[in-house]
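I opened my notebook to look up a few spots in this one. Here is what I wrote down as I went.

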Amino acid sequence: MNIQIFGKSKCFDTKKAERYFKERRIEFQSVDLPRFGMSRGELTSVISAVGLDALVDEKAPGAELVKYLATSEAKIEKLLEEPSLIKTPVVRNGRQATVGYRPDVWKTWE
């Protein structure tokens with residue numbers, strides 16, 4: 001397993017996700033999303049797994065704007081520019097990915 005957790009340092013669900021994997025002694029790489037963002041390849045991989053709309057954090061300031069962008073490419077560009085608009089945690093395991101706290105899905109990865 002090659003787990004990556006993209007999250008925000010003050011996000012409660014990100015901390016819960018990290019704790020989930022620590023308790024099971026599963027190694028993971030933690031990425032501070034607002035600081036480092038995601039590469040285009042990582043973002044595209046997550047979108048293919050969960051869909052573009054699932055990635056947008058409706059509670060984030062500026063999230064309403066993303067809904068009204070005309071094309072998917074414009075939405076992706078906006079998420080790359082402003083990673084704080086991405087809902088956290090984003091947990092990747094190769095081509096599989098989840099958004100939010102999803103231990104029910106992670107169990108199937110073990």
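**Helix α3 and its neighbours**

I started with what packs against the buried residues of α3, and I found β1 (3–7), α4 (52–55), α6 (72–81), β3 (90–93) and β4 (96–99). Those buried residues are Glu42, Leu43, Ser45, Val46 and Ile47, in a helix that covers residues 40–50. I noted that buried means under 20% relative accessible area, exposed over 50% and partly exposed in between, with a 1.4 Å probe and protein chains only. Helices (H or I, at least four residues) and strands (E, at least two) are DSSP runs, numbered from the N terminus. After α3 comes glycine 51, and I saw that its phi is positive, near 95°.

**Ground rules**

This is a predicted model, where local features need pLDDT of at least 70, side-chain atom pairs count only at pLDDT 80 or more, and totals for chains, interfaces and linings use all residues. Residues are numbered from 1 along each chain as its sequence is written, and side-chain values use heavy atoms, leaving out hydrogens and water.

Next I looked up glutamate 18, which sits in helix α1 (residues 12–23). Is glutamate 18 buried or exposed? I put it down as buried, because its relative accessible area is 18%. Leaving aside residues up to four places away in sequence, glutamate 18 touches Ile5, Phe28 and Ser30; contact means heavy atoms within 4.5 Å. Its side chain also makes a polar contact with the side chain of serine 30, at 2.8 Å. For that term I wrote: a pair of N or O atoms within 3.5 Å; within protein, one must be able to donate a hydrogen and the other to accept it, and residues adjacent in sequence count only if both atoms are side-chain atoms.

Threonine 14 is in helix α1 too, and I logged it as buried because its relative accessible area is 4%.
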